[in-house]
Amino acid sequence: LATSTPGDSTGPALHLPRLRTLPLLSPLPPLPTLPEVFEKCGIASRLWMERLIRRGGKDVLDKQPAVVGTWTKVSSDNMDEFLGAAMGVGPVQRRLALKASQTQKVWMEGSVVMVQITDMRGTKLHQMVPDGKVVRGKGFRELPVDRYVTWDNGESLLMTERYDIHLGGASHGKQCTGDSCPIVKSVRKVDGTGKMVVTLERNLESGKLLCMRTFFSRKAH
């Protein structure tokens, strides 16, 4: 700070340091979109992020599909043949499965479908991301599978699983390759009577198509 000279009526003169010329900054890259962020995150991160996207307490990502709710098993069609020929389940376990009760609780965490199944084996929670992308997971009896899940018209939940070993028949339990590997498809939807129907189907190596349907009634709150 310099003092003014005699006769100077402007007061003290303020001498500022000389400013350096700063280099121009390169533009910032665009922020990733939400799907791009999800692509790099696991399910846990995805669920946490989707919980943040709320508007007035209502999830804006998707409406609740008809399968959401708590369901109890009431009947099944062709379970014995399907479990034996298509999945390789023995006769004793098939008889137990036919008589056993089962409860399925379905709810949404953002766009992830949560299915909690309780039966004679205990309770198990399944997480399914219906984006049509193939992921590695565990299927029937914790066997490794390549799985993809999609919605059909936002109401029917479709899942396809490709196993690494043969299921049923003479080659049961042996490694498979290519087209010989079993593919099991499932559809979970609510029919016109208000029941949830879970359909499983598989083409055997012989070319025969086997289907099994399990019917569930909605549990009153």
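Let's start at a turn: strand 8 and strand 9 form a hairpin with three residues between the strands, and N153 there takes a positive phi near 60°. Strands here are DSSP runs of E, at least two residues long, and helices are runs of H or I of at least four residues, all numbered from the N terminus.

A word on the model. This is a predicted model, where local features need pLDDT of at least 70, side-chain atom pairs count only at pLDDT 80 or more, and totals for chains, interfaces and linings use all residues. Residues are numbered from 1 along each chain as its sequence is written, and side-chain values use heavy atoms, with hydrogens and water left out.

Now the overview. The protein chain has four helices and 12 strands. Of its 221 residues, 33% count as buried. Buried means under 20% relative accessible area, exposed means over 50%, and partly exposed lies in between, using a 1.4 Å probe and protein chains only. Take contacts between residues at least 6 apart in sequence: 44% of them join residues at least 24 apart. A contact means heavy atoms within 4.5 Å.

Strand 8 and strand 9 run antiparallel and pair over eight bridges. Two strands pair if DSSP finds at least two bridges between them. Strand 8 covers residues 144-152, and R147 is in it.

Is R147 buried or exposed? R147 counts as buried because its relative accessible area is 13%. Leaving out residues up to four places away in sequence, R147 touches a set of residues including K133, V135, G139 and M159.

Move on to strand 9. Six of the eight residues in strand 9 are buried, so the strand is mostly covered. On to the next pairing: strand 9 and strand 10 are antiparallel, with six bridges. In that pairing, L157 stands opposite R188 in strand 10.

Between strand 9 (156-163) and strand 10 (183-190) there is a loop, and K174 sits in it. K174 is exposed because its relative accessible area is 51%. Not counting residues up to four places away in sequence, K174 touches D164, I165 and H166. K174 and D164 are 10 residues apart along the chain, and their C-alpha atoms are separated by 8.6 Å.

Next, the cysteines. How many disulfides are there? The count is one, taking a disulfide as a pair of cysteine sulfur atoms within 2.5 Å. C176 and C181 form it, with sulfur atoms 2.2 Å apart. The link is right-handed, with 110° about the S-S bond. C176 is buried because its relative accessible area is 9%. C181 is buried too, because its value is 6%.

Now follow the chain onward. Strand 10 joins strand 11 (residues 196-203) through seven bridges, and the two run antiparallel. Their hairpin has five residues between the strands, and G194 in the turn has a positive phi of about 90°. K185 stands opposite E201 in strand 11. C211 is partly exposed because its relative accessible area is 21%. Strand 11 and strand 12 (residues 209-218) are antiparallel, over eight bridges. In their hairpin, G207 takes a positive phi near 100°.

Last stop, helix 3, residues 79-86. Its buried residues are M79, F82, L83, G84 and A86. What covers them includes strand 3 (69-77), helix 4 (91-99), strand 10, strand 11 and strand 12. After helix 3 comes G88, with a positive phi near 75°.
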